[in-house]
Amino acid sequence: MELHQIRYFLALCAELNFTRAADRCDVAQSSLTRAIKLLETELGGALFHRGRANTHLTSLGERVKPFLARAHGEVQDACREAQDFARARTASLRLGLMRTLAPARSAALVAALRARRPDIDLQVTEAGAEALQERLLAGELDAAIYDLPGLGADVALDRLPLYREPFVAVVHAGHRLARHGAVRLSDLHGEPFLARVHCEHADVIDAARSGVDAPPAFRSDRDEWVLALAAAGLGYALMPAENVHPGTVALALADPAIAREIALVTLRGGKSPAVGALVHEAMRLCHRAAPVPDVAADAGLLVEAR
Amino acid sequence: MSKAPSTLPEALVEAESRNASLGARLAAYRDSTLRIRPDIAKAYDELVARLDMLDGGAIGPQIGEPLPAFNLPDADGRLVSLKSLLRSGPAVVSLNRGHWCPYCKLELRSLAAIHGEIRQLGAQLVSIMPDTATFTDDYAKANRLPFPILSDIDLGYALSLGLIFWVGSEIERLYGDLGIALERDQGNSGCFLPMGAKFIVGQDGLIKARQVNIEFRERMEPEAVLAVLRALR
């Protein structure tokens with residue numbers, strides 16, 4: 001399978017028309033047709049249904065397209081990276097971190113990158129997930145670490161999953177369920193709820209609580225307040241496992257299991273060498289880090305607060 | 001000779017224990033596969049026949065052409081470039097299918113055995129495979145491979161050489177059966193693999209010798225690698 005065949009294939013996916021795809025690639029239509037035909041022989045089936053006015057992907061075409069687009073993007077990134085190095089451009093990197101992240105992991109990544117690539121001028125800021133995404137798309141950030149429900153569908157963004165963080169129920173040490181390890185949300189029915197209004201998953205949590213509970217007893221956009229009130233026995237909260245502080249007890253949430261998928265997000269295509277270095281570093285760290293246990297799989301395990 | 005191995009892992013151990021050329025050990029493992037899992041042997045034969053039909057042998061960069069540059073992370077995430085390898089002498093670049101591939105394992109372990117001689121001849125050796133660092137790191141340690149294994153993220157480099165292929169749904173199913181999870185190993189769900197290949201690159205960046213194995217159950221003999229490097233001295 002050759003690079004030019006993949007380029008033609010992706011052009012045809014975009015244009016769904018042999019003439020326009022050939023124009024786009026600046027080749028004769030016969031060359032493009034032949035290349036696609038050869039690709040189909042290699043893959044052992046048709047990639048496109050050919051219609052007079054309606055060329056579209058077959059299921060085999062749909063099957064292989066996402067990977068070929070990624071692989072092709074890698075090649076382009078590599079070419080661009082080589083050119084950037086040739087020009088010896090000063091590497092700068094603007095990284096955004098989601099406000100609700102527990103800082104330890106992100107700090108480890110930043111420290112590792114700084115140690116390995118001291119030449120990169122690294123600027124780190126924190127903000128809410130939606131603001132980070134807007135700034136990425138506006139070109140004001142080169143990369144950001146966050147999760148936003150529905151993020152996976154955004155075609156303009158590349159998303160390298162870093163880790164999965166479950167939500168836990170936070171109660172005080174003397175709570176009747178504090179020794180239970182895992183709870184169902186319904187076990188907490190009727191108890192005062194401490195709402196984290198800044199949470200990117202607030203809608204998911206509201207939906208899980210709907211019909212179960214009364215309105216929140218307290219609302220805050222600061223986890224310190226929510227944790228302090230939980231520790232004082234004024235209610236329970238639902239929050240990402242790594243945000244829990246000592247003085248409270250984190251109970252695995254078995255039903256419904258809620259989790260956030262923290263990812264390193266960058267603009268698709270055109271990655272600078274500095275972003276490339278960050279991606280490589282993140283891959284290395286996230287593959288090495290012990291995965292956060294899946295709450296549903298570990299139900300029954302007491303997750304003591306750190 | 002004790003009784004014939006009855007599982008694929010046993011067959012691999014048995015093949016490796018033979019005091020024979022790499023080619024003979026690869027053939028021994030292949031014969032055992034045909035006996036133990038004829039379904040896999042048959043699917044592989046069909047795959048190789050399909051790929052062979054396309055353009056037998058002429059694929060990939062040729063002798064006398066420059067090997068395209070790469071800059072890929074090793075198991076520690078350090079980027080290793082072809083340019084940096086060529087700084088001190090020729091480079092032997094091995095394109096491998098993955099840490100799970102028994103043929104690659106036989107090959108890489110036999111390259112490990114001649115690594116000292118490769119270094120004495122002033123050359124560097126790297127293996128490039130699509131697996132992520134989690135797997136290459138453990139693999140290099142478990143097999144005591146004294147050379148870097150670079151992760152070809154999303155097979156971008158293998159694609160730039162024109163050396164990737166789709167394994168097809170039949171082999172994908174058989175791999176699932178054998179516990180081979182390319183999606184987990186590579187971090188993508190494409191089910192694509194690189195061809196097994198060897199490129200020996202002179203300090204001028206040009207390919208001095210190559211072997212691209214559409215028939216991936218055959219590999220370049222380590223002795224042939226050394227012979228080329230000696231000729232380059």
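In chain A of this predicted model, helix H1(A) meets helix H3(A) through His4(A), Gln5(A), Tyr8(A), Phe9(A) and Leu12(A) on the H1(A) side and Ser31(A), Leu32(A), Ala35(A), Ile36(A), Leu38(A) and Leu39(A) on the H3(A) side. Sorted by class, the residues of this contact comprise 8 nonpolar, 3 polar and no charged.

**Helix packing in chain A**

- Two packed helices are described by the angle between their axes and the distance between the axes.
- For H1(A) and H3(A), the latter spanning residues 29–43, the angle is about 105° and the axes lie 9 Å apart, which makes the two helices roughly perpendicular.

**Helix packing in chain B**

- The crossing of H2(B) and H5(B) is right-handed, and H2(B) contributes Leu22(B), Arg25(B), Leu26(B), Tyr29(B), Arg30(B) and Thr33(B) to the contact, while H5(B) contributes Pro102(B), Tyr103(B), Leu106(B), Glu107(B) and Ser110(B).
- By class, the contact of H2(B) with H5(B) is made up of 6 nonpolar, 2 polar and 3 charged residues.

**Interface between the chains**

- The size of an interface is often given as the accessible area lost when the parts come together.
- The rule finds 2 salt bridges across the interface of chain B and chain A, and a salt bridge joins the side chains of Glu172(B) and Arg63(A), with an N to O distance of 3.1 Å.

**Backbone features in chain A**

- Most residues other than glycine have a negative phi, and most peptide bonds are trans.
- Leu16(A), although not a glycine, has a positive phi of about 50°, and this residue lies in the loop between helix H1 (3–15) and helix H2 (18–25) of chain A.
- The peptide bond joining Asp255(A) and Pro256(A) is cis, with omega at about -5°, and Pro256(A) is found in the loop between strand E11 (248–255) and strand E12 (259–267) of chain A.

Key: Residues numbered from 1 in each chain as written. Chains lettered and ligands numbered in written order. Predicted model: local features only at pLDDT ≥ 70, side-chain atom pairs only at ≥ 80, totals over all residues. Heavy atoms only, no water. Left-handed = near helix turned anticlockwise from the far one by under 90°. Helix = DSSP H or I, 4+ residues; strand = E, 2+ residues; numbered from the N terminus. Contact = heavy atoms within 4.5 Å. Nonpolar A, V, L, I, M, F, W, Y, C, P; charged D, E, K, R; others polar. Salt bridge = Lys/Arg side-chain N within 4 Å of Asp/Glu carboxyl O. Axes fitted to C-alpha atoms, helices over the stretch in contact; angles between N-to-C directions. Parallel < 35°, antiparallel > 145°, perpendicular 65-115°, else oblique.
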